[in-house]
Amino acid sequence: MDSDKSFYVQKIKKSLQRVLEYLGQTIVQEITVDSNTLVPPPGRAHQSIIHETLRLNSESSQFIFPCLSTVSTGYEMTETSRSIVIIGGGIIGCTTAYYITHHPSYSTNIKVTVVETSAHGAAQGASGKAGGLVARWAYPQPLVDVSFDEHVRLAELHGGADKWGWRYVNCGSWSGWGEETTEESTSEHGDCSEKDSLVGWRKSLEKTLGLGKSKRSRQRKDTSFPSDLNWMHPELTNSYSPMAPYGDTAQVHPYLFTQNMLRLAQDCGASFLPSTRATSITTSQSGHVTGVECIITHTQTPSEGDLQGEVKVRTEEIHLNATHVVLAAGAWAPRLIPALPLTGTRAHSITIHPPIYSLPIAPYVLFTEFSLSTSTTRSPVHASPEIYARPGPDGEVYACGPGDDVALPDSVDDVVIEPSACDDLWEEVRSVSRILRAGRVGCRQACFLPTVMGRRQGPIVGAADTVALGLVVAVGHTCWVCIVFHLFGLELLTPEH
């Protein structure tokens, strides 16, 4: 057991070193706390809330929390004193819970609790509504190098091919033109008569930045069309080029992956609290986290057969004691630490169920770029949806478009879907694929991608000891939320710390 533990710890340390080398290229700033303005919660005069007076100790537009190679907690802990609260039930929060509960130093004396605002459970935001692309060419590269191999290992260890659709896929850049479709608008297909809404207010999610400019420019030179790409059409194709060698791109179903990671953590003793909104992180006078203030929403539905009954909702304030807190709340993280340079970009997506006669759908992920002419537009409209064939017997296809900037709602359950965005997306997809055109739309959905503001791409990860000892932050993974695993929480359990 000791040899296994040593090997595991050394592997993590080596992985973290590569991350540190990446972070070393970035101006690492600190957040300072004005101790005179910390407000203690009622009944807990000995504690302090990390309040909105947090401020940047720099004029830089971006910072990344110090990612310490030792991830020192500042004091010695016994196993019985460790209580870790993870804020956020998305892919980062659930995989953090998984890694902690599967660490060689983990024991039942270490309490792990995941809190999630949504009443519907884990993976209700970007983690469940993403495309699920896993690629070696994603960004930031040091984190990708670690996470891709971990995806492979997890799939082999836990049967990921069957449980969350893990598989390698072909990934290519496709350009061509779309055909005008004449089908009348229906609630299922959602054709949009205002085609001008396809442009102007959307923005790129910049998923291909990891390829670099030279590789992106070379994508358009290859005009070969894959013979097994059975749901696109050569006659509508201008060019096709692989974006990476086969084996460098894979996929998962992100909702299923996140749910399985949470279940595996729960099997080892982790707790999950849905309908629980974290309102503040509390600290001691010495500056160490002491817990998380939360509001739990209890909903009581009428009993079966009670047609006159009303849904009753009540809230309850609780305090979760913690020696460590992991903030993995995605776009909502600044609600707890306002100084985080993080914003949310709303992204819409749809799922499509192709006709039975077209199955199986070839395993391709396409980054498309084409012009679409219709009778309602003055000039051709540029479109660039991403289209993902997903594993499974029903041949589900996922498609997402550009993002937009709207106000972040109070919780993930309050995200509003803009019907025209999904209508436009469906119109774009069916214009380039006659196979998918004959199918039907399954889900219409939207989520907020957490995006770091500033010049440099990349998430904010690591120990935030300058804010509070025992606080770890893991946010800002943007559209690559399925790629980057948060491994720093593991260091909290190593014997050295």
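**Exercise 1.** At what angle do helix H2 and helix H7 pack, and how far apart are their axes?

*Solution.* The model is predicted. Start with the two elements: H2 covers residues 91-101 and H7 covers residues 254-267. Their packing angle is about 30°, and the axes lie 8 Å apart. Next, take the handedness: H2 passes H7 in a left-handed crossing. Then list the contact. H2 contributes Ile91, Cys94, Thr95, Ala97, Tyr98 and Thr101. H7 contributes Phe257, Thr258, Met261, Leu262, Leu264 and Ala265. Finally, sort these contact residues: 9 are nonpolar, 3 are polar and none is charged.

**Exercise 2.** Classify the ring pair of Trp174 and Phe370.

*Solution.* Begin with the search: the whole structure holds 11 aromatic pairs. For Trp174 and Phe370, the ring centres are 6.1 Å apart. Pairing requires centres within 6.5 Å. The planes stand at 70°. Planes over 60 degrees apart count as edge-to-face, so Trp174 and Phe370 form an edge-to-face pair. Now place the residues. Trp174 sits in strand E8 (residues 170-178), and Phe370 in strand E17 (residues 364-372). The pair therefore ties together parts 196 residues apart in sequence.

**Exercise 3.** Describe the largest pocket and its lining.

*Solution.* Take the volume: about 770 Å³. Count the lining: 42 residues. Those nearest the centre are Glu116, Thr117, Ala329, Trp332 and Val412. Then trace the elements. Helix H3 and strands E12, E13, E21 and E23 each supply at least two lining residues. E12 gives the most, with 4 residues.

Notes
Residues are numbered from 1 along each chain as its sequence is written. This is a predicted model: local features need pLDDT of at least 70, side-chain atom pairs count only at pLDDT 80 or more; totals for chains, interfaces and linings use all residues. Side-chain values use heavy atoms; hydrogens and water are left out. On a 1 Å grid over the protein atoms alone, a cavity is a set of points where a 1.4 Å probe fits but cannot get out, and a pocket is an open set with protein on both sides within 12 Å along at least five of seven lines; lining residues have an atom within 4 Å of a point. Grid points are joined across faces, edges and corners, and a volume is the space filled by probe spheres set on the points. Axes are lines fitted to C-alpha atoms, for helices over the stretch in contact, and angles run from 0 to 180 degrees between N-to-C directions. A crossing is left-handed if the near helix is turned anticlockwise from the far one by less than a right angle, and right-handed if clockwise. Contact means heavy atoms within 4.5 Å. Ala, Val, Leu, Ile, Met, Phe, Trp, Tyr, Cys and Pro count as nonpolar, Asp, Glu, Lys and Arg as charged, and the others, Gly among them, as polar. Rings of Phe, Tyr and Trp (its six-membered ring) pair if their centres lie within 6.5 Å; planes under 30 degrees apart count as stacked, over 60 as edge-to-face and the rest as tilted.
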